[in-house]
Amino acid sequence: MNANKILTLLAPWTVFAIVFVCALIVATVLKKWLWSRIRHWTHASESGWRKEILDELDLPAKLTVFGLTLSFAQGFVPSTFHHANLLTNTLLIYFVVVSLVVVDRFAKVIIHSHRYFAQFNVGSRQLIQIAIRVFVYSIGALIILDSLGISITPLLASLGVGSVAVALALQDTLSNFFSGIYVLADRPINIGDYVNLNDGAGMEGYVVNIGWRSTRIQQLSGNVIVVPNSKIASSRLTNYNLPNRETSVSVPVGVSYDGDLEQIEKVIVEVAKQVIATVPGAVRSYVPSVRYNEFGDSSINLSVNLRAETYVDNYLIKHEFIKALHARFKKEGIDIPFPQRVIHTVSDS
């Protein structure tokens, strides 16, 4: 290869490189100046979602400047240059990828910072972000394949058949996955809630994690129960944190038929008020009440109603109330009868 051919080959690349370097320097300086102006115009303070958007878009902005510089420099390359089409296709793919990154990062900031999405828990926001990311990058991949001249119709058909096969093979896994989507979207439970699955197996405790396949519930003993999301979605579930964390505490009591019911009610209310005022976890503003509800076999049965700040607090409240009431009944001479039967015998003689 003689010198003229080498110069002919190198000339387009040399011009391209020189123009690109010069344009990149100018574009970088302009980008920094424009970025500082945007921060000033939008009043992007040290915190807030506007600042987070600008921070997330800083890298895409640099990539955009780089791409625009490449596109500008490409204009100085002759169209007859045999690598011109390669440059054009590369730039097209580059700008598609940069656009995908911009959309993904913008959606991420909006989902995690905007007040509208604050009502969703962390898992729900992550699910929305992943769904948007999968959708955006899937569309981008199809655009890139189409721009390269690759037919996407056979690919879509293959994906359709493959999806059916995968769905049949992973039926249980997909059931738990979509149940997890339901749990995160409908929010019957949230992390930190105290729940009972009402299945008779004692599945009761704090929700410590909600995943795509399973939910973890920590019992008061410290053990963690891993429950498939499909079971969470189909079970009758009691959430003691909804609609609020406070819960009523009902203590059944039986008193003798010979007792003075007015006096007994007065004593019980006094004890209940004392317990509410002293026991941690009791709702201080709550006024306790006594309700007689039935004539039992051996006693008149009643319910004492108190209130706890959380469901777990009811254990200590009942504990202290029963101790205090038992001591007060002994002091007042109020009898707590035990079950008894009177048997009458008839003599044959």
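Leu92 is found in helix α4, which covers residues 84-113. In this predicted model, Leu92 is neither fully hidden nor fully open: with a relative accessible area of 39%, Leu92 is partly exposed.

The wider setting can now be described. The secondary structure of the protein comes to 10 helices and 8 strands. Of its 349 residues, 33% count as buried. Contacts between residues at least 6 apart in sequence were also sorted by separation, and 64% of them join residues at least 24 apart.

One pair of helices deserves a careful look. Two packed helices are described by the angle between their axes and the distance between the axes. For helix α9 (residues 261-278) and helix α10 (residues 313-332), the axes come within 9 Å and cross at roughly 140 degrees. The two helices are therefore oblique to each other, since angles over 145 degrees would be needed for them to count as roughly antiparallel. The crossing of α9 and α10 is right-handed. On the α9 side, the contact is made by Gln263, Ile264, Val267, Ile268, Glu270, Val271, Ala272 and Val275. On the α10 side, the residues are Ile317, Glu320, Phe321, Ala324, Leu325, Arg328, Phe329 and Glu332. Sorted by class, this contact has 11 nonpolar, 1 polar and 4 charged residues.

Setting aside residues up to four places away in sequence, Phe321 touches Val251, Ile268, Val271, Ala272, Val275, Val304 and Leu306. Phe329 lies in helix α10 and, at 1% relative accessibility, counts as buried. With the sequence neighbours up to four places away again left out, Phe329 touches Val253, Val255, Ile264, Val267, Ile268, Ile334 and Ile336. One of these partners, Val255, is 74 residues from Phe329 along the chain, yet the C-alpha atoms of the two are separated by 9.8 Å.

The loops hold some buried residues as well. Pro288 sits in the loop between α9 and β7 (289-295). With a relative accessible area of 8%, Pro288 is buried, because buried means under 20%. Beyond four places in sequence, Pro288 touches Val269, Ala272, Lys273, Ile276 and Asn305. The C-alpha atoms of Pro288 and Glu270 are separated by 9.0 Å, and the two residues are 18 apart along the chain.

Thr310 is found in the loop between β8 and α10. Thr310 is buried too, with a relative accessible area of 17%. Leaving aside neighbours within four places in sequence, Thr310 is in contact with Arg245 and Thr247. Thr310 and Tyr240 are 70 residues apart in sequence, and their C-alpha atoms are 7.7 Å apart in space.

A further loop, between β5 (238-239) and β6, holds Pro243. The peptide bond leading from Leu242 to Pro243 is cis, with omega near 0 degrees.

Methods:
Residues numbered from 1 in each chain as written. Predicted model: local features only at pLDDT ≥ 70, side-chain atom pairs only at ≥ 80, totals over all residues. Heavy atoms only, no water. Axes fitted to C-alpha atoms, helices over the stretch in contact; angles between N-to-C directions. Helix = DSSP H or I, 4+ residues; strand = E, 2+ residues; numbered from the N terminus. Parallel < 35°, antiparallel > 145°, perpendicular 65-115°, else oblique. Left-handed = near helix turned anticlockwise from the far one by under 90°. Contact = heavy atoms within 4.5 Å. Nonpolar A, V, L, I, M, F, W, Y, C, P; charged D, E, K, R; others polar. Buried < 20%, exposed > 50% of the residue type's maximum accessible area, 1.4 Å probe, protein only.
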